[in-house]
Structures are given as C-alpha cells and as structure tokens.
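The structure is shown below.

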Amino acid sequence: MEHAKLNPELVSLVQQWKGKEGNLIMILHEIQNHHGYVPRELSLELSRMLDVPLARIYEVVTFYNFFKLTPPGKHRIALCMGTACYLRGAAVILEEIKNILGIKEGQTTKDGLFYLDVVRCLGCCGLAPVVMIDNKVYGKVKKSEVADILSKYIKEE
Amino acid sequence: MYTKVILVKDTDLKREDKTREFYTRLLDYLREASLHEQIQVVRVADIGVYEQGLVVKVLPDKVTYINVQDEDVKKIVDAALSDGKIIEDLVFKPKAKQCRIVLRNCGKIDPESIEDYISSGGYLALKKVLGELGQQKLIDEIKISGIRGRGGAGYPTWMKWNFAREMNSAEKFVICNADEGDPGAYMDRSVLEGDPHSVIEGLIIAAFAIGASKGYFYIRAEYPLAVERIQKAIKQAYDYGLLGNNILGSPFNLDIDIRLGAGAFVCGEETALISSIEGKRGTPHPRPPYPSVKGLWGKPTVINNVETLANIPVIIAKGGKWFAQIGTQTSKGTKVFAVTGKVKNSGLVEIAMGATLREIVMDICGGTLSGKPIKAVQTGGPSGGVIPENLLDTPVDYENLQKLGSIMGSGGMIVMDEDDCMVDIPKFYLGFCVEESCGKCAPCRIGGFQMLGYLKKISEGRGIPEDLGQLRRIAQSMQKASLCGLGQTASNPVLSTLKYFEDEYNEHILNKRCPAGKCSSLITYSIIEDKCKRCGICFTNCPVKAISGGKEEGYSVIQDKCIKCGRCFDVCKFKAINKK
C-alpha cells in the first residue's frame, strides 16, 4: 500500500500534543476538523508518529459517534433526534429529507452535496424540531418547508 | 448617551417581519420626537416570553409589555422616560417567581469579558477561600450549604471533596463534567456559554479544596460556542493570575485544560469520562474504587457537574447558611430545568427545590402548546421516568422524584400531552440507550436490546399479555446487574410507564389500538363522508394509490393497500380524514 506523504500540518499538530497524556482524541478532533473525517492514511501515519497501534486508533474512532471514517458531503445536514424534537415530529421531518434526497442517515447523496446525520440534541430544544445544515440552524421546521430549505443549497451550485 | 434601552421581539411564530416593522415604527417615532439619542432600540432574538404578540422590554427598568399594538408606541416611550410609570394593561406579569442563582449572570454580563464577571462580584469567593478560609473551613461551608451534585445522582458535594482531600497523593485532579448528553437538556450549555467564569471559579475552588494541581473541562464537541467561551475565559483567568502558579499570591498552583467529548452519552458517567480523557474508549469501570480514591491516571479525582460548580462561588460569597435556607429538607438550593416538549414557553427555568412540577409546567411555562391537557411529565432524560398528570403536585427534590420512579437527572423536563403514546416514549428512550450502550457489560447490552424488541412488538400490535411480565423482569435485572448508571437506569422509562400507564400497554396488546394515535401499525385512516368535499387531494397525494373512488361517488381508503404514511391526513383541508 502506498504511504501517504508526511503532512506538515499533522506533524506540527502531533508535536504540539505529543507530550501530553491522553492526546489521541484531541488529535483526532483536529484531523476531523481539518478533513471532515479521519482518513485511513492519516490514521496510519498517526499510528507511527505516536507509536500507538492502528487498532487502538480504530477502536477509538469507531467508539465515538462524532468521528467519521468516510468523507462527508459538501453540506452536512444534522437532524436533531433529541426528545423535544422527537415529540414535535422530527421523525416526520427525517422521512421527508430521506424521501427528497433518496439517502439514509449516515449517507452522502450521489452528487456529494448533502450528508445526512441524525444527532442527539443540538441543545436548542425551544426551537424543536431542529435541522442544522452546516452551521445554520433551522427551527420549528415543518414537513412542508423541508424541500424549500434544501433547494436553497441545491440552487447555490 | 442612552438612558433607556427598549428591546423588541415579535413572539408569535412566523411573524419575524413584524418585529422589523414595529422596530422601524418605534425608531421613526423616536426620531420625530428627537428622543433617539436617549432611547436605544434593539431587536432581540429571544426575549423570554412566547406567543404573546409583539413584546417590548424596557431596560434598566425590566418592565415587559406584551401584545403591543402600533398605537402603543407613544405610551411606551412616555412611560419609559417617566419616573417609574408603568402601563398596567400591557404589562407582563409572570405568575410564579423563579430564583436565579446558577443563572445569576446569564444574559446580564458579557460572557467574554472577565472584567464584567469581576465587577459583578466574580472571583471574590476565590479570594476569600485562598485568603481566609483554607481547606477545612471551605469544606465545612460546603457541608453546611447541603449542596448535592447536580449531575443527577445527588451525591453530597462536600463528601466527594472530603474523600479526595483525605487521600495522600502527590497528584490529584479536578474535572468539570460538561458532557451534557441528555437529549432535551441544555442547562449546562447555557451556563458555559453565558457565564463561563462562574464555572471556572467553582473548579478552581474545588481544586483548592482537595489540593489538586491540574483541572480539566470535559466538554461535548457538539457545543462549539461553549468550548470557545471556556477557552477564552481560561486564557483571561491566566492573564489575571487566577490560574497558573501562585494564584492571587498564595502558594496554590493550578492549570486547567480542555478535553473534548466525541459524542458518547455514556461518557457522562464518571468512570467512562475518565477513560475518555485518558484518550481511550469511554467504557465505565466498576466502582468502588470511586474516582475520589482512584480516578484519572489512577490518582484521586473529583468530578463535578457544571451546575454544581456554578453554585460554589455564590455559596462561598453568601455563606452556606444562606444557601441552606433555600430548598427542602434534603435538597438545598435551586435547580435549573430545561422545560421542553409540548409546552407553550419552552426554556430554562430555575426554581428553588420544593416547587411543584405543576408550578413549573403550568405557571411558569404556561401549560401545553396545544391547549390539550397534560398527560405526563418526564424528568431525567433516558435515565428518568414518566410522571403522570395526577402527581404533578409533588414538590421537586431528589427523594420525591426517586419515589415516583424517576430521577432528578441533569435537569431535562419534557412535557407530554394526549397525543404522546406511553409505549412509544419508552421505546424512544430505550432506543437511545441501546445505541449508546458501550457494550461492556451484558445486562445493559443484551437487556436493553431485548426490552426494545418487546416494545417494538407491542407497538406493532403483536404483543401478548405475558410480554409485560418479561419487560419487568428484564428491567429489574438491568437495574441490579448493570455496571454503570446508564444500564442501571435505562429501564426507568419502561418501568415508570408500566407503573402509571399499564392500561395503555394493554390497549396495544389486547385491543390492538394506540389511544394516542402514534403507533403507525395500529392506526387506520378512513374518510368521513359528511365532511368530505370530494376535492380529490387525498387521492392525488396517496403514494400507494390506496384511495379509490372519484369526484362523483366519493372516496374511500383501501385498508389492505394503505401504508399508513398519513399523507392524506396532512393534506386534507376539511379534516375529513379520520385517524384512529
């Protein structure tokens, strides 16, 4: 397998955290922030740099919901499935999004435009049901509004 | 120089443009009357009152007017500039008094300014602790106050601190648990974002109490603003000599760092949280040994919740006795609840312990959104239970909620009305716990999955009476045998609904009916002929052609074909679709 080139940013990042105990999760956070997911090549790299077996990195990445192993779409749709949103009809909104985009949760649309994520509480329960696209929060979303909201992002293309 | 500030917000849904209209009207009036340099007008995103038309709040008088009309502009400006005159027929009168201790600064000070926090009395408690009190008196004061952990279990804070203090170890740690994973709760987020320094001050005091030299904030990565605010606040505290070496000139040293959570509910459990900070999978460990004996990297560690820590500076500043006056016999102080669900004014509520659930839900939050009667209130998130309407007069404290089969939890409070199904709700919570179970111990991993299977079966109309007994048996084994709090409490939603709403389970099992109309397998749709105008909109919208007929003869639902998607029910303008 071809080895990924040494990524200078990753090197400096790892240097910064190297001496600190329990650094793995924080480094993974930085990697995901930068790439949108944790690429396999970087995990390999990281394993060598930190002298941690790849299996240990993999076990951590897969344990936490936050880390992704595949690249997300251009826009991340985070549908809140917290209790308040659930009670106020988040399930219906989810169905509608799935219908419109033709993907399931955790998948990316074929054109790579949207990634659909179901999350546990975005902490804006007063606005339930809530959908967050990238960093924009849409509150009190109705089923009839979903298509409109999504079309904004499609038009942008 | 402005002497008054007027905040405006249209609180009716979907009328945000009205706010702007009124805002311009008010500005125009002020300009015409040459008062625009005396009064500042601000459009705000949230004014704390909901569904009351246009709402106006005058500062610093703190007078709120509701249902304001365009012609009231002059009256409001006159009153604002007068000496304490209030327009009686517009003024908003909240029914029950809230008591703000934890949220004392939220929304009042600039969370990114340490100067603001200091000028409102911040870090005086730390000064008092380092200068006058010392470790023993500090812990005594916390003991007098009677404060218990706000994370859910309600363990007395002073005992936790005392255990860790008595440990003989060169290295000790303090951790602020800001991994607020309970869906439907956001108190901690609000405090972290709105008043970060109060939590930092609390953490420094806790560190001093046990003699720790290193502290951590464990914050959910899903709260980027909270992380940013805490980061800034920590930096400011270093700049002011409140962190680092020789804090405020004393021999006490403390460094604080941030660690991010990564979306695992179980990491709210303290031993799992410790694993996560150590950079491992967040799986819990058996207790004892408790973290105060053997915690982070095997060293004595105290873990306190955000809300607990935010209370500490006030307790020190005003004294433990003052704090102990508030609340009930066993539960002192206040509690912040995030009241959400089918409630009119959803939001954060801070009340003295001992207020009743009814006061919170009806008086402060205005009852249900739909106006329908409340069916139940759920506290404690996935670890809590459902409390039926007839028990809402119970005063809120740790013991009372536990007696009812629920828990205080971190402070989520979900209001449910008639349209919520008491089989569907535990199914939702259990689904959450099954997904979040770390899989380490069998009772939680297998028990949760099996219970979920039974609930699914019942909600799909395939339940048999014996299932209820099985559910109870599994639930009790999970309570007894699970390793950590997640598994021990995951069955609470099931047990409490079985206790108070067994009839509803039986309706599903015996009569194959869902009284709330939520469980889709048990619903049938039909067309009410009297109401049907034969517009045909249901016919065109049905995705599976399960509606037959035409404009002449009328329409009907072919039950065998119907997939119960509810689209016909949604599109019918004449309420001619019956859902049962």
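## Largest cavity

The largest cavity is lined by 14 residues, and B:Cys542, B:Ala546, B:Cys562, B:Cys565 and B:Cys568 are those nearest its centre. By class, this lining comprises eleven nonpolar residues, one polar residue and two charged residues; Ala, Val, Leu, Ile, Met, Phe, Trp, Tyr, Cys and Pro count as nonpolar, Asp, Glu, Lys and Arg as charged, and the others, Gly among them, as polar. The space in the largest cavity is about 100 Å³, and the structure holds six cavities of 30 Å³ or more.

On a 1 Å grid over the protein atoms alone, a cavity is a set of points where a 1.4 Å probe fits but cannot get out, whereas a pocket is an open set with protein on both sides within 12 Å along at least five of seven lines; lining residues have an atom within 4 Å of a point. Points are joined across faces, edges and corners, and a volume is the space filled by probe spheres set on them.

## Basis of the model

The model is predicted: local features need pLDDT of at least 70 and side-chain atom pairs pLDDT 80 or more, while totals for chains, interfaces and linings use all residues. Residues are numbered from 1 along each chain as its sequence is written, chains are lettered from A and ligands numbered from 1 in the order in which they are written, and side-chain values use heavy atoms, leaving out hydrogens and water.

## Second largest pocket

The second largest pocket contains about 1400 Å³ of space. Its lining has 48 residues, of which B:Gly151, B:Gly152, B:Ala153, B:Gly154 and B:Gly268 are closest to the centre. Strand E8 (301-305) of chain B is among the elements giving two or more residues to the lining, and E8(B) provides the largest share, five residues. The lining of this pocket has 15 nonpolar, 23 polar and ten charged residues.

How values were computed. Helix = DSSP H or I, 4+ residues; strand = E, 2+ residues; numbered from the N terminus.
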